[in-house]
Amino acid sequence: MAKKLTLRSVQAETTAPGQQKNKRKRTTRKAGKKRLNKWLRSGISGLAGALAVTAVHETVRRFYPDAPRMDILGMRAITKGLRYAGQTPPNDDKLHTWSLVGDIISNGLYYSLTGGGKKAWWRGSILGTAAGIGGVVLPGPMGLGAAPSNRTRQTQALTVGYYLLGGLVAGGVAKWLRSVKV
């Protein structure tokens, strides 16, 4: 792989009209590596946090009966929206897939707010905790039912913990991407 070379020229200084003190110097140097674009870093870190939350939700729900069921909340929200629009919701398998894709996209956008700055860990933990509290408190008033995320104290704690984990993953990936040069 060939390295890119950039041409740098140094202007000559003139001492008197028509006379030059130094001749024009031309030097070449290797192009330095740059950091990833901040928007790309934020998007990648947000996607990492969203994938972490979704993976934990889907794994734990299969083994632990009191696990939060955020997938059910997503399915209810999609069904409610489709019925409001006068459409018939799809079958449960397709609805579950739509719910997971919607969770990854929306959580990815949300966790991308961690940014890529020096305080990404703090922003990630604050955003994760806020999302977890919202996941416990908001489904009932939104008409989606409180049971999937609010059944027991353990379910509530797991909901907050999952989203906190997602925020920490997003913050950690953002911090790591800050040091990556391409």
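This is a chat about a predicted model of one protein chain.

Visitor: Quick overview first. How many helices and strands are in the chain?

Guide: The model is predicted. The chain has six helices and four strands. Along the sequence the pattern reads β-β-β-β-α-α-α-α-α-α.

Visitor: What share of the residues count as buried?

Guide: 32% of the 182 residues count as buried.

Visitor: And the contacts with a separation of 6 or more, how many of those are between residues 24 or more positions apart?

Guide: Such pairs account for 67% of those contacts.

Visitor: Now the core. Which residues make up the largest nonpolar core?

Guide: Eight residues: Val53, Met70, Leu73, Tyr111, Ala131, Leu144, Tyr163 and Ala170.

Visitor: Which helices each supply at least two residues of this core?

Guide: α2, residues 70–84, and α6, residues 153–179.

Visitor: Take alanine 170. What is it in contact with, leaving aside neighbours within four places in sequence?

Guide: Alanine 170 is in contact with Ser45, Gly49, Tyr111 and Thr114.

Visitor: Staying with tyrosine 111, is it buried or exposed?

Guide: Buried, because its relative accessibility is 0% and the limit for buried is under 20%. Tyrosine 110 is partly exposed, with a relative accessible area of 25%.

Visitor: How many aromatic pairs does the structure hold?

Guide: One. It joins tyrosine 110 and tyrosine 111.

Visitor: Why is the pair edge-to-face?

Guide: A pair of aromatic rings is described by the distance of the centres and the angle of the planes. Here the centres are 5.6 Å apart and the planes are at 65 degrees, so the pair is edge-to-face. The cut-off for that class is over 60 degrees.

Visitor: Where is leucine 47?

Guide: In helix α1, residues 38–63. Leucine 47 is partly exposed, at 42% relative accessibility. Setting aside neighbours within four places in sequence, leucine 47 is in contact with Ile104 and Gly108.

Visitor: Where does the largest share of the lining come from?

Guide: From α3, with seven residues. α2, α3 and α4 each give at least two.

Visitor: What's the lining like by class?

Guide: 12 nonpolar, seven polar and one charged.

Visitor: Which residues line the largest cavity?

Guide: Val53, Thr54, His57, Glu58, Met70, Asp71, Leu100, Asp103, Asn107 and Tyr163. By class, that is four nonpolar, three polar and three charged.

Visitor: Which helix gives the most to that lining?

Guide: α1, with four residues. At least two each come from α1, α2 and α3.

Visitor: Last one, histidine 96. Where does it lie?

Guide: In helix α3, residues 92–111. Histidine 96 counts as buried, because its relative accessibility is 17%.

Visitor: What is histidine 96 in contact with, leaving aside neighbours within four places in sequence?

Guide: Glu58, Arg61, Asp71 and Met75. Glu58 and Asp71 are also among the residues that line the largest cavity.

How values were computed:
Residues are numbered from 1 along each chain as its sequence is written. This is a predicted model: local features need pLDDT of at least 70, side-chain atom pairs count only at pLDDT 80 or more; totals for chains, interfaces and linings use all residues. Side-chain values use heavy atoms; hydrogens and water are left out. Buried means under 20% relative accessible area, exposed over 50%, partly exposed in between (1.4 Å probe, protein chains only). Contact means heavy atoms within 4.5 Å. A nonpolar core is a set of buried Ala, Val, Leu, Ile, Met, Phe, Trp, Tyr and Cys residues joined through side-chain atoms within 4.5 Å. Rings of Phe, Tyr and Trp (its six-membered ring) pair if their centres lie within 6.5 Å; planes under 30 degrees apart count as stacked, over 60 as edge-to-face and the rest as tilted. Ala, Val, Leu, Ile, Met, Phe, Trp, Tyr, Cys and Pro count as nonpolar, Asp, Glu, Lys and Arg as charged, and the others, Gly among them, as polar. On a 1 Å grid over the protein atoms alone, a cavity is a set of points where a 1.4 Å probe fits but cannot get out, and a pocket is an open set with protein on both sides within 12 Å along at least five of seven lines; lining residues have an atom within 4 Å of a point.
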